[in-house]
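Welcome! Here is a short tour for someone opening this structure for the first time. Have a look at it below, and then read on topic by topic.

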Amino acid sequence: MTEDEVISELESGMTIGIGGWGSRRKPMSLVRAILRSDLTDLHIVAYGGPDIGILTAAGKCRKVTYGFVSLDSIPLEPHFRAVRQAGAVDFTELDEGAFYLGLMAAAHRVPFYPTRAGLATAMMSENPDLRTVRSPYADGEELVAIPAFEMDVVLIHMNRADAKGNGQFLGPDLYFDDLFAMAGTRTFMSAERIVPTAAFLDEGSVHTLRVPRIHVDGVVEAPMGAHFTECPPDYGRDEVFQRDYAATAKDPDAWARFRADWLELESHEAYTTRLKERGAW
Amino acid sequence: MVSAVDNTEVSLDEICIIALAEAFRGDGEVLCNPMGPVPVIAGRLARATFEPDLMLTDTIAYAVEGNLALGADAGDAVVESYMPFRSIFDQVWSGTRHVVMGASQIDRHGNQNFAAIGEYRKPKAQLLGMRGAPGNLINHATTYWVPNQARAFCERVDVVSGPGYDRIAELPEASRAQFEIRRVVTDLGAYDFEIDDDTSRPPTMRIRSLHPGITVAQAQAASPFELRVTGAVPESRLPTDEELDLIREVFDPDGVRKAEFR
């Protein structure tokens, strides 16, 4: 599939989960495809990085649910920060471990998972929709019930995939992408390269084969598809590009130019061509 | 051991590192998870000296042996276990962890805020958000690193990301069994919540030690709430020559730790 073919499967108003973590292995070619589409009123669910920053700053979201929103080397995502301070988007901010439980509940098709995380904090007092549940056993303890994240579509990015939809991560951390893939009603996966199934073990052990095709509905080959977030061992984070991106949060004209020059190019191919011109690839 | 450094001038950052390292004393075999340069140096120092069983990560995805310098390529380190983020959360919930976090605001009972300043739904300043604070506090020991006490100590936090002793006291025993704010270390001193009788429940912040040259009056002047004093207040311990060598030559030869004190 192409990025635009994935986008044609999406509708305004949908809840969309996005894999990766902060500014790490984000499916950025798909995020940019959402940006240049006419999709709107989205609910994004993510361990947020520039995906949430870009889509909220562009007014694409009615709501975001997140464990955090960070660019890692820049701890506070400046575009998202501006949106939050303007009160411009509805949000549910969870403890980042509790967020994992919401993914797992959805992946396992149970309504919630219990945890103590959130008790006695603003996570509960500021989110009246979050409920507690009492243990049915002798202890009777009251626990936070993290609801399953119901997601219409999930987007993840892997280092390698085969044409059937099996995914492989080659970096140090899978993050939660296997749970995202299971949790989505439909899941689309981009990958740096599509390889023959028999070639998976040329680059990583069997332990890296963590996204099975039964949870994947379409594959997009997107070299540099996570840029400017990191995608090791294929490439690190483009810190120069990320700093340029972050700096545009202060200046609406610079943000409009950056969007036109980079984020709203007509295709991922046009983006990578421009990266080559810039010497960033 | 012959010292390679001049011990005559110990600086504030080094005294704070020792005070933070002391927070890990007695922890034994737990995952020591400090956040930020000064706490990371403190955790690595504690393991290199008096708390050898601590487990530490390279801050990416591996638990590693050895005395890694700040920002060093972990590729050279000996990996003793795999700790991707999912595993870190599993460690949190297992309770076998001691974290060091920051606090933009903290009150007398240890309620901490690094989520947002002002109104939560439309803040004056969006900060880190909840991050892992709610889960950390209720599952295992937490220490706070506050490089500017006068700015952070407050009467009331705007948003509770990490609960303090008063809020935790309202929970049943099973929910709060693992809760502990071990220490609050600032530019002026080290504080704890230890009590010797039940009259001060829920516990409030107590002066444990003050850094050299700081008086109780000065510490109190940098806090809008009353700091508890029990008996004579000791001076924060100075680093040994071995500790100074480790801080200056091994963990942080580039002086990254100084940036938090400017």
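Helix H1 of chain B, residues 12–22, is mostly covered in this predicted model: ten of its eleven residues are buried.

- The buried residues of H1(B) are Asp13(B), Glu14(B), Ile15(B), Cys16(B), Ile17(B), Ile18(B), Ala19(B), Leu20(B), Ala21(B) and Glu22(B).

**The largest nonpolar core**

- The largest nonpolar core has 140 residues.
- Which residues have the most contacts inside this core? From chain A they are Ile44(A), Leu103(A) and Met189(A), and from chain B they are Ile17(B), Leu20(B), Leu45(B) and Val185(B).
- At least three residues of this core come from each of the two chain A domains, domain 1 (3–95 + 149–278) and domain 2 (111–147).
- The centres of those two domains of chain A, taken over C-alpha atoms, are separated by 30 Å.

**Sheet and hairpin in chain B**

- Seven strands of chain B form an open sheet in the order E2-E1-E5-E10-E11-E12-E13, with mixed pairing.
- Strands E2 (55–56) and E13 (206–210) of chain B stand at the edges with a single partner strand each, so one side of each has no neighbour in the sheet.
- Within the sheet, strand E1 (residues 31–34) of chain B runs parallel to E5(B), and four bridges join them. Across this pair, Cys32(B) stands opposite His98(B) in E5(B).
- Strand E8 (residues 116–119) of chain B pairs with E9(B) in the antiparallel sense, over four bridges. These two strands form a hairpin with two residues between them, and Ala116(B) stands opposite Gln126(B) in E9(B).
- As background, strands of a sheet pair through backbone hydrogen bonds, either parallel or antiparallel.

**Where the two chains meet**

- The contact takes 35 residues from chain B and 32 residues from chain A.
- On the chain B side, the elements that give two or more residues are helix H3 (85–94), strand E9 (122–126), helix H4 (133–139), helix H6 (165–168) and helix H7 (173–176).
- Which of these elements gives the largest share of the chain B side? It is H3(B), with five residues.
- The chain B residues that touch chain A divide into 22 nonpolar, seven polar and six charged.

**Backbone details to look up**

- Most residues other than glycine have a negative phi, and most peptide bonds are trans.
- Arg25(A), though not a glycine, has a positive phi of about 45 degrees. Arg25(A) lies in the loop between strand E1 (15–18) and helix H2 (28–36) of chain A.
- Is Arg25(A) buried or exposed? Arg25(A) is buried, because 28 other C-beta atoms lie within 10 Å, and the cut-off for buried is 20 or more.
- Arg131(B) also has a positive phi, of about 40 degrees, and is not a glycine. Its place is the loop between E9 and H4 of chain B, and Arg131(B) is buried, with 24 other C-beta atoms within 10 Å.
- A cis peptide bond joins His227(A) and Phe228(A), with omega about 10 degrees. Phe228(A) lies in the loop between strand E11 (218–221) and helix H9 (239–247) of chain A.
- Another cis peptide bond joins Pro232(A) and Pro233(A), with omega about 0 degrees. Pro233(A) lies in the loop between E11 and H9 of chain A.

- The predictor gives the complex an ipTM of 0.95 and a pTM of 0.96.
- Chain B has a mean pLDDT of 94, and 96% of its residues reach 70 or more.
- Residues 1–5 of chain B have a pLDDT below 50. Beyond near neighbours in sequence, this stretch has nine contacts in the model.
- Where pLDDT is low, the predicted coordinates should not be read in detail.

Methods
Residues numbered from 1 in each chain as written. Chains lettered and ligands numbered in written order. Predicted model: local features only at pLDDT ≥ 70, side-chain atom pairs only at ≥ 80, totals over all residues. Core = buried A, V, L, I, M, F, W, Y, C linked by C-beta atoms within 7 Å. Buried ≥ 20, exposed ≤ 12 C-beta atoms within 10 Å, placed from the backbone. Domains from an automatic or database assignment. Contact = placed C-beta atoms within 7 Å. Nonpolar A, V, L, I, M, F, W, Y, C, P; charged D, E, K, R; others polar. pLDDT = per-residue confidence, 0-100. Pairing = 2+ DSSP bridges.
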